[in-house]
Amino acid sequence: MKMIISGGGTGGHIFPAISIANAVKAKHPDAEILFIGAEGRMEMTRVPEAGYDIKGLPVRGLIRPLWSPKNIGVMIDFIRSRQKVKKIIKEFRPQVVVGVGGYASAPTLNAAADMGIPCLIQEQNSYAGVTNKSLAKRAKKICVAYDGMERFFPADRIIKTGNPVRQSLLANDMTRAEARTALGLDTELPTILVIGGSLGARTINNAIAEGIESFEERKVQVIWQTGKYYIEECERIAREKNAHLVRPQAFISDMATAYKAADIVISRAGASSISELCLLGKASVLVPSPNVAEDHQTKNARALSDRGAALFIPDAIARKTLVNEAIELVSDPATITKLEVEVNKLALPDSADIIADEVLKLVQDNTNS
(Lines give C-alpha, C1' and ligand atoms only; values in the text may rest on other atoms or scores of the structure.)
Protein backbone atom coordinates (compact mmCIF):
# COMPACT_ATOMS: atom_id res chain seq x y z
CA MET A 1 0.00 0.00 0.00
CA LYS A 2 1.28 3.45 -0.95
CA MET A 3 0.12 6.79 0.46
CA ILE A 4 1.12 10.43 0.29
CA ILE A 5 0.67 12.85 3.19
CA SER A 6 0.88 16.53 2.31
CA GLY A 7 1.02 19.72 4.33
CA GLY A 8 3.02 21.38 7.07
CA GLY A 9 4.39 24.81 7.89
CA THR A 10 3.97 24.51 11.66
CA GLY A 11 4.13 21.81 14.30
CA GLY A 12 0.34 21.94 14.40
CA HIS A 13 0.26 20.40 10.94
CA ILE A 14 3.41 18.29 11.07
CA PHE A 15 2.88 16.40 14.35
CA PRO A 16 -0.61 15.12 13.38
CA ALA A 17 0.71 14.14 9.96
CA ILE A 18 3.51 12.07 11.45
CA SER A 19 1.11 10.51 13.97
CA ILE A 20 -1.20 9.43 11.13
CA ALA A 21 1.75 7.95 9.23
CA ASN A 22 2.87 6.03 12.32
CA ALA A 23 -0.65 4.69 12.90
CA VAL A 24 -0.92 3.51 9.28
CA LYS A 25 2.48 1.84 9.58
CA ALA A 26 1.39 0.07 12.77
CA LYS A 27 -1.66 -1.36 11.00
CA HIS A 28 0.02 -1.95 7.64
CA PRO A 29 3.79 -2.45 8.23
CA ASP A 30 4.63 -2.72 4.54
CA ALA A 31 2.98 0.61 3.70
CA GLU A 32 5.14 3.01 1.69
CA ILE A 33 4.55 6.58 2.85
CA LEU A 34 5.83 9.71 1.13
CA PHE A 35 5.39 13.22 2.49
CA ILE A 36 5.09 16.32 0.33
CA GLY A 37 5.83 19.68 1.95
CA ALA A 38 6.83 23.23 1.12
CA GLU A 39 10.46 24.00 0.41
CA GLY A 40 12.16 25.85 3.27
CA ARG A 41 9.47 25.03 5.84
CA MET A 42 10.02 23.04 9.02
CA GLU A 43 8.49 19.82 7.67
CA MET A 44 11.54 19.43 5.42
CA THR A 45 13.63 18.62 8.53
CA ARG A 46 11.06 17.28 11.02
CA VAL A 47 9.64 14.60 8.70
CA PRO A 48 13.02 12.99 7.88
CA GLU A 49 13.82 13.06 11.61
CA ALA A 50 10.69 10.93 12.09
CA GLY A 51 11.96 8.42 9.54
CA TYR A 52 9.94 9.33 6.44
CA ASP A 53 10.92 10.57 2.98
CA ILE A 54 9.68 13.99 1.90
CA LYS A 55 9.61 15.94 -1.36
CA GLY A 56 9.44 19.74 -1.36
CA LEU A 57 7.36 22.04 -3.55
CA PRO A 58 8.20 25.70 -4.32
CA VAL A 59 4.80 26.73 -2.98
CA ARG A 60 4.14 29.66 -0.63
CA GLY A 61 1.27 31.68 0.73
CA LEU A 62 -0.45 34.64 -0.85
CA ILE A 63 0.87 38.05 0.12
CA ARG A 64 -1.41 40.73 1.61
CA PRO A 65 -2.93 42.77 0.10
CA LEU A 66 -4.06 40.26 -2.50
CA TRP A 67 -3.54 42.72 -5.35
CA SER A 68 0.18 42.97 -4.53
CA PRO A 69 2.31 42.47 -7.68
CA LYS A 70 4.36 39.99 -5.66
CA ASN A 71 1.46 37.53 -5.91
CA ILE A 72 2.30 37.06 -9.58
CA GLY A 73 5.40 35.20 -8.40
CA VAL A 74 3.31 33.28 -5.85
CA MET A 75 0.96 32.08 -8.58
CA ILE A 76 3.87 31.10 -10.83
CA ASP A 77 5.28 29.03 -7.95
CA PHE A 78 1.86 27.41 -7.46
CA ILE A 79 1.76 26.40 -11.14
CA ARG A 80 5.32 25.04 -10.86
CA SER A 81 4.25 23.12 -7.75
CA ARG A 82 1.27 21.58 -9.58
CA GLN A 83 3.56 20.41 -12.36
CA LYS A 84 6.11 19.01 -9.91
CA VAL A 85 3.56 17.23 -7.74
CA LYS A 86 1.91 15.58 -10.75
CA LYS A 87 5.29 14.13 -11.68
CA ILE A 88 5.81 12.92 -8.10
CA ILE A 89 2.37 11.27 -8.05
CA LYS A 90 2.92 9.56 -11.41
CA GLU A 91 6.25 8.17 -10.24
CA PHE A 92 5.16 7.14 -6.72
CA ARG A 93 1.65 5.96 -7.70
CA PRO A 94 -0.13 6.39 -4.33
CA GLN A 95 -3.46 4.69 -3.63
CA VAL A 96 -4.57 7.46 -1.27
CA VAL A 97 -3.54 11.03 -0.45
CA VAL A 98 -3.99 12.74 2.92
CA GLY A 99 -3.93 16.54 3.39
CA VAL A 100 -3.31 18.07 6.81
CA GLY A 101 -3.37 21.75 5.84
CA GLY A 102 -0.55 24.09 4.95
CA TYR A 103 0.77 25.45 1.66
CA ALA A 104 1.64 22.11 0.06
CA SER A 105 -1.79 20.55 0.59
CA ALA A 106 -3.60 22.52 -2.12
CA PRO A 107 -1.51 21.61 -5.16
CA THR A 108 -1.03 18.03 -3.92
CA LEU A 109 -4.67 17.19 -3.27
CA ASN A 110 -5.93 19.01 -6.33
CA ALA A 111 -3.50 17.08 -8.52
CA ALA A 112 -4.40 13.78 -6.84
CA ALA A 113 -8.14 14.39 -7.27
CA ASP A 114 -7.59 15.26 -10.95
CA MET A 115 -5.84 11.91 -11.33
CA GLY A 116 -8.67 9.95 -9.67
CA ILE A 117 -6.84 9.18 -6.42
CA PRO A 118 -9.06 9.21 -3.29
CA CYS A 119 -8.23 12.01 -0.85
CA LEU A 120 -8.79 12.53 2.87
CA ILE A 121 -8.54 15.88 4.68
CA GLN A 122 -7.64 16.28 8.34
CA GLU A 123 -8.80 19.66 9.71
CA GLN A 124 -7.32 20.45 13.13
CA ASN A 125 -9.11 23.68 14.02
CA SER A 126 -12.62 24.65 15.08
CA TYR A 127 -12.63 27.15 12.21
CA ALA A 128 -11.60 25.52 8.94
CA GLY A 129 -8.61 26.87 7.07
CA VAL A 130 -8.87 28.32 3.57
CA THR A 131 -6.91 25.46 2.00
CA ASN A 132 -9.08 22.73 3.48
CA LYS A 133 -12.31 24.57 2.69
CA SER A 134 -11.25 24.86 -0.95
CA LEU A 135 -10.40 21.15 -1.08
CA ALA A 136 -13.48 19.83 0.71
CA LYS A 137 -15.59 19.08 -2.35
CA ARG A 138 -12.79 16.95 -3.78
CA ALA A 139 -12.19 14.89 -0.62
CA LYS A 140 -13.86 11.55 0.09
CA LYS A 141 -13.53 11.95 3.87
CA ILE A 142 -12.98 14.95 6.13
CA CYS A 143 -11.69 14.22 9.65
CA VAL A 144 -12.40 16.96 12.20
CA ALA A 145 -11.86 17.65 15.90
CA TYR A 146 -14.86 19.84 16.72
CA ASP A 147 -18.63 19.76 16.42
CA GLY A 148 -20.41 22.08 13.98
CA MET A 149 -17.93 21.65 11.12
CA GLU A 150 -20.77 21.20 8.63
CA ARG A 151 -20.58 25.01 8.42
CA PHE A 152 -17.49 24.47 6.27
CA PHE A 153 -17.69 20.96 4.85
CA PRO A 154 -20.26 18.59 3.30
CA ALA A 155 -21.93 16.93 6.31
CA ASP A 156 -22.02 13.46 4.76
CA ARG A 157 -18.22 13.34 4.49
CA ILE A 158 -17.38 14.54 8.01
CA ILE A 159 -16.02 12.20 10.67
CA LYS A 160 -15.27 13.52 14.15
CA THR A 161 -11.93 11.94 15.05
CA GLY A 162 -10.11 14.51 17.15
CA ASN A 163 -6.55 15.58 16.45
CA PRO A 164 -3.67 13.09 16.58
CA VAL A 165 -0.95 13.99 19.05
CA ARG A 166 2.64 12.86 19.50
CA GLN A 167 2.49 9.32 20.87
CA SER A 168 5.46 9.97 23.15
CA LEU A 169 3.34 12.35 25.23
CA LEU A 170 0.98 9.57 26.26
CA ALA A 171 3.68 6.97 26.90
CA ASN A 172 5.47 8.85 29.69
CA ASP A 173 4.77 7.18 33.05
CA MET A 174 6.94 9.41 35.25
CA THR A 175 5.56 10.94 38.42
CA ARG A 176 5.59 14.73 38.68
CA ALA A 177 8.51 14.58 41.11
CA GLU A 178 10.49 12.28 38.79
CA ALA A 179 9.87 14.59 35.84
CA ARG A 180 11.04 17.62 37.79
CA THR A 181 14.15 15.80 38.93
CA ALA A 182 14.90 14.78 35.33
CA LEU A 183 14.70 18.44 34.30
CA GLY A 184 16.85 19.64 37.20
CA LEU A 185 13.93 21.38 38.92
CA ASP A 186 12.93 21.61 42.59
CA THR A 187 10.41 18.84 43.24
CA GLU A 188 8.30 20.94 45.64
CA LEU A 189 7.95 24.34 43.99
CA PRO A 190 4.88 25.19 41.85
CA THR A 191 5.84 24.87 38.20
CA ILE A 192 4.57 26.50 35.00
CA LEU A 193 5.30 25.31 31.48
CA VAL A 194 5.29 28.08 28.85
CA ILE A 195 4.91 27.06 25.20
CA GLY A 196 4.29 29.66 22.51
CA GLY A 197 4.10 27.23 19.62
CA SER A 198 6.93 25.67 17.64
CA LEU A 199 8.15 29.08 16.43
CA GLY A 200 7.59 31.02 19.67
CA ALA A 201 5.21 33.84 20.59
CA ARG A 202 6.38 37.41 21.10
CA THR A 203 3.52 38.53 23.36
CA ILE A 204 3.92 35.57 25.71
CA ASN A 205 7.71 35.94 25.74
CA ASN A 206 7.46 39.66 26.54
CA ALA A 207 5.02 38.97 29.38
CA ILE A 208 7.21 36.25 30.90
CA ALA A 209 10.36 38.36 30.56
CA GLU A 210 8.71 41.34 32.28
CA GLY A 211 7.36 39.06 35.02
CA ILE A 212 10.60 37.34 35.99
CA GLU A 213 10.82 39.22 39.30
CA SER A 214 7.26 38.17 40.19
CA PHE A 215 8.01 34.49 39.55
CA GLU A 216 11.20 34.69 41.60
CA GLU A 217 9.48 36.49 44.50
CA ARG A 218 6.58 34.03 44.60
CA LYS A 219 8.96 31.06 44.19
CA VAL A 220 7.35 29.73 41.01
CA GLN A 221 9.47 27.68 38.58
CA VAL A 222 9.02 28.38 34.87
CA ILE A 223 9.98 26.00 32.05
CA TRP A 224 10.04 28.55 29.24
CA GLN A 225 10.11 27.51 25.59
CA THR A 226 10.83 30.76 23.76
CA GLY A 227 11.14 29.56 20.16
CA LYS A 228 14.38 29.91 18.19
CA TYR A 229 13.72 33.49 17.08
CA TYR A 230 13.50 34.83 20.64
CA ILE A 231 15.97 32.73 22.64
CA GLU A 232 18.93 35.11 22.63
CA GLU A 233 16.85 38.07 23.80
CA CYS A 234 15.09 36.02 26.48
CA GLU A 235 18.34 34.51 27.76
CA ARG A 236 19.87 37.99 27.98
CA ILE A 237 16.94 39.34 29.99
CA ALA A 238 17.00 36.31 32.32
CA ARG A 239 20.72 36.86 32.96
CA GLU A 240 20.27 40.58 33.57
CA LYS A 241 17.48 39.88 36.07
CA ASN A 242 19.57 37.15 37.73
CA ALA A 243 16.79 34.60 37.22
CA HIS A 244 17.16 31.28 39.00
CA LEU A 245 13.64 29.85 38.68
CA VAL A 246 12.80 31.06 35.16
CA ARG A 247 14.62 28.96 32.57
CA PRO A 248 14.42 29.98 28.89
CA GLN A 249 15.21 27.46 26.16
CA ALA A 250 14.65 27.65 22.41
CA PHE A 251 12.92 24.31 22.01
CA ILE A 252 11.88 21.51 24.38
CA SER A 253 12.69 18.17 22.80
CA ASP A 254 11.16 16.10 25.63
CA MET A 255 7.70 17.61 25.86
CA ALA A 256 6.32 14.55 27.65
CA THR A 257 8.55 15.17 30.66
CA ALA A 258 7.93 18.94 30.55
CA TYR A 259 4.15 18.41 30.64
CA LYS A 260 4.51 15.94 33.52
CA ALA A 261 6.62 18.38 35.51
CA ALA A 262 4.17 21.28 35.17
CA ASP A 263 1.23 22.14 37.39
CA ILE A 264 -0.20 24.40 34.69
CA VAL A 265 0.60 25.38 31.10
CA ILE A 266 0.66 28.77 29.40
CA SER A 267 0.10 28.26 25.69
CA ARG A 268 -1.07 29.62 22.39
CA ALA A 269 -4.28 27.96 21.20
CA GLY A 270 -3.15 26.07 18.14
CA ALA A 271 -5.10 22.90 17.46
CA SER A 272 -2.30 20.48 18.37
CA SER A 273 -1.61 22.24 21.66
CA ILE A 274 -5.32 22.17 22.54
CA SER A 275 -5.53 18.44 21.77
CA GLU A 276 -2.46 17.72 23.89
CA LEU A 277 -3.86 19.67 26.83
CA CYS A 278 -7.16 17.77 26.60
CA LEU A 279 -5.60 14.32 26.34
CA LEU A 280 -3.12 14.99 29.15
CA GLY A 281 -5.72 16.71 31.33
CA LYS A 282 -3.60 19.83 31.92
CA ALA A 283 -4.89 23.07 33.40
CA SER A 284 -3.93 25.95 31.16
CA VAL A 285 -3.96 29.67 30.45
CA LEU A 286 -4.56 30.16 26.73
CA VAL A 287 -3.36 33.26 24.86
CA PRO A 288 -4.54 32.86 21.24
CA SER A 289 -2.37 34.26 18.50
CA PRO A 290 -4.07 37.14 16.65
CA ASN A 291 -1.88 36.53 13.60
CA VAL A 292 -3.72 33.52 12.16
CA ALA A 293 -6.39 33.08 9.50
CA GLU A 294 -9.96 33.89 10.57
CA ASP A 295 -8.73 34.30 14.18
CA HIS A 296 -9.16 30.53 14.54
CA GLN A 297 -7.03 30.30 17.69
CA THR A 298 -9.52 32.45 19.61
CA LYS A 299 -12.27 30.07 18.51
CA ASN A 300 -10.15 27.10 19.64
CA ALA A 301 -9.55 28.73 23.04
CA ARG A 302 -13.22 29.61 23.48
CA ALA A 303 -14.14 25.98 22.82
CA LEU A 304 -12.34 25.24 26.12
CA SER A 305 -12.86 28.36 28.20
CA ASP A 306 -16.63 28.45 27.57
CA ARG A 307 -16.79 24.98 29.14
CA GLY A 308 -14.68 25.88 32.16
CA ALA A 309 -11.78 23.82 30.80
CA ALA A 310 -9.15 26.59 30.51
CA LEU A 311 -8.52 30.25 31.29
CA PHE A 312 -8.56 32.60 28.30
CA ILE A 313 -6.57 35.84 28.00
CA PRO A 314 -6.72 37.91 24.78
CA ASP A 315 -3.33 38.67 23.27
CA ALA A 316 -3.99 42.41 23.51
CA ILE A 317 -3.99 42.38 27.33
CA ALA A 318 -1.69 39.43 27.99
CA ARG A 319 1.39 41.54 28.57
CA LYS A 320 -0.33 43.24 31.52
CA THR A 321 -2.30 40.37 33.01
CA LEU A 322 -0.79 37.01 32.04
CA VAL A 323 1.85 36.65 34.73
CA ASN A 324 -0.46 37.59 37.62
CA GLU A 325 -3.23 35.30 36.32
CA ALA A 326 -0.79 32.41 35.96
CA ILE A 327 0.71 32.88 39.42
CA GLU A 328 -2.77 33.05 40.96
CA LEU A 329 -3.80 29.86 39.17
CA VAL A 330 -0.68 27.85 40.01
CA SER A 331 -1.25 28.81 43.66
CA ASP A 332 -4.85 27.54 43.63
CA PRO A 333 -4.96 23.70 43.65
CA ALA A 334 -8.77 23.57 43.75
CA THR A 335 -9.15 25.57 40.53
CA ILE A 336 -6.37 23.57 38.87
CA THR A 337 -8.24 20.35 39.66
CA LYS A 338 -11.51 21.72 38.24
CA LEU A 339 -9.80 22.75 35.01
CA GLU A 340 -8.07 19.35 34.73
CA VAL A 341 -11.36 17.47 35.12
CA GLU A 342 -13.20 19.61 32.57
CA VAL A 343 -10.46 19.67 29.94
CA ASN A 344 -10.03 15.90 30.10
CA LYS A 345 -13.75 15.51 29.30
CA LEU A 346 -13.05 17.12 25.89
CA ALA A 347 -10.31 14.63 24.96
CA LEU A 348 -10.78 12.44 21.90
CA PRO A 349 -8.32 9.56 22.26
CA ASP A 350 -7.11 7.21 19.53
CA SER A 351 -7.47 9.89 16.84
CA ALA A 352 -4.54 8.70 14.76
CA ASP A 353 -5.83 5.11 14.78
CA ILE A 354 -9.32 6.21 13.72
CA ILE A 355 -7.95 8.32 10.87
CA ALA A 356 -5.63 5.48 9.81
CA ASP A 357 -8.65 3.17 9.62
CA GLU A 358 -10.43 5.68 7.37
CA VAL A 359 -7.36 5.92 5.13
CA LEU A 360 -7.21 2.14 4.77
CA LYS A 361 -10.96 2.00 4.03
CA LEU A 362 -10.46 4.45 1.15
CA VAL A 363 -7.72 2.26 -0.28
CA GLN A 364 -9.88 -0.85 0.06
CA ASP A 365 -12.96 0.82 -1.44
CA ASN A 366 -10.93 2.14 -4.35
CA THR A 367 -9.38 -1.28 -4.94
CA ASN A 368 -12.81 -2.95 -4.98
CA SER A 369 -14.48 -0.38 -7.21
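Tutor: Begin with cysteine 119, which is buried, with a relative accessible area of 2%. Buried means under 20% relative accessible area, exposed means over 50%, and partly exposed lies in between, with a 1.4 Å probe and protein chains only. This is a predicted model, in which local features need pLDDT of at least 70 and side-chain atom pairs count only at pLDDT 80 or more, while totals for chains, interfaces and linings use all residues. Residues are numbered from 1 along each chain as its sequence is written, and side-chain values use heavy atoms, with hydrogens and water left out.

Student: How many disulfides does a search of the whole structure find?

Tutor: A disulfide is a covalent bond between the sulfur atoms of two cysteines. Here the criterion is a pair of cysteine sulfur atoms within 2.5 Å, and the search of the whole structure finds zero. For cysteine 119, the nearest cysteine sulfur is that of cysteine 143, 13 Å away. Cysteine 278 is in no disulfide either; its nearest cysteine sulfur also belongs to cysteine 143, at 18 Å. Cysteine 278 counts as buried too, at 6% relative accessibility.

Student: Which residues of helix 10 are buried?

Tutor: An α-helix has 3.6 residues a turn, so residues three or four places apart point the same way. Helices (H or I, at least four residues) and strands (E, at least two) are DSSP runs, numbered from the N terminus. In helix 10, residues 231-240, the buried ones are Ile231, Cys234, Ile237 and Ala238. They cover an arc of only 135° around the axis, so they lie on the same side of helix 10. That arc is taken from the directions from the helix axis to the C-beta atoms.

Student: What does the face turned away from the buried side of helix 10 carry?

Tutor: That face carries the exposed residues Glu232, Arg239 and Glu240. The buried residues of helix 10 pack against helix 8 (202-210), helix 9 (212-218), strand 9 (221-225) and strand 10 (246-249), where contact means heavy atoms within 4.5 Å. Asparagine 242 follows helix 10 and has a positive phi, near 55°.

Student: How many cavities of 30 Å³ or more does the structure hold?

Tutor: Rolling a probe the size of a water molecule over the atoms shows where empty space is left. On a 1 Å grid over the protein atoms alone, a cavity is a set of points where a 1.4 Å probe fits but cannot get out; a pocket is an open set with protein on both sides within 12 Å along at least five of seven lines, and lining residues have an atom within 4 Å of a point. Grid points are joined across faces, edges and corners, and a volume is the space filled by probe spheres set on the points. The structure holds two cavities of 30 Å³ or more. The largest cavity has about 40 Å³ of space, and helix 1 (11-27) gives the most to its lining, with three residues.

Student: What lines the second largest cavity?

Tutor: Its lining consists of Asn205, Asn206, Ala209, Tyr230, Glu233, Cys234 and Ile237. Helix 8 and helix 10 each give two or more residues to this lining.

Student: What is the volume of the second largest pocket?

Tutor: Its volume is about 330 Å³. Of its 17 lining residues, the closest to the centre are Ala145, Tyr146, Lys160, Leu346 and Leu348. Helix 12 supplies the largest share of the lining, four residues.
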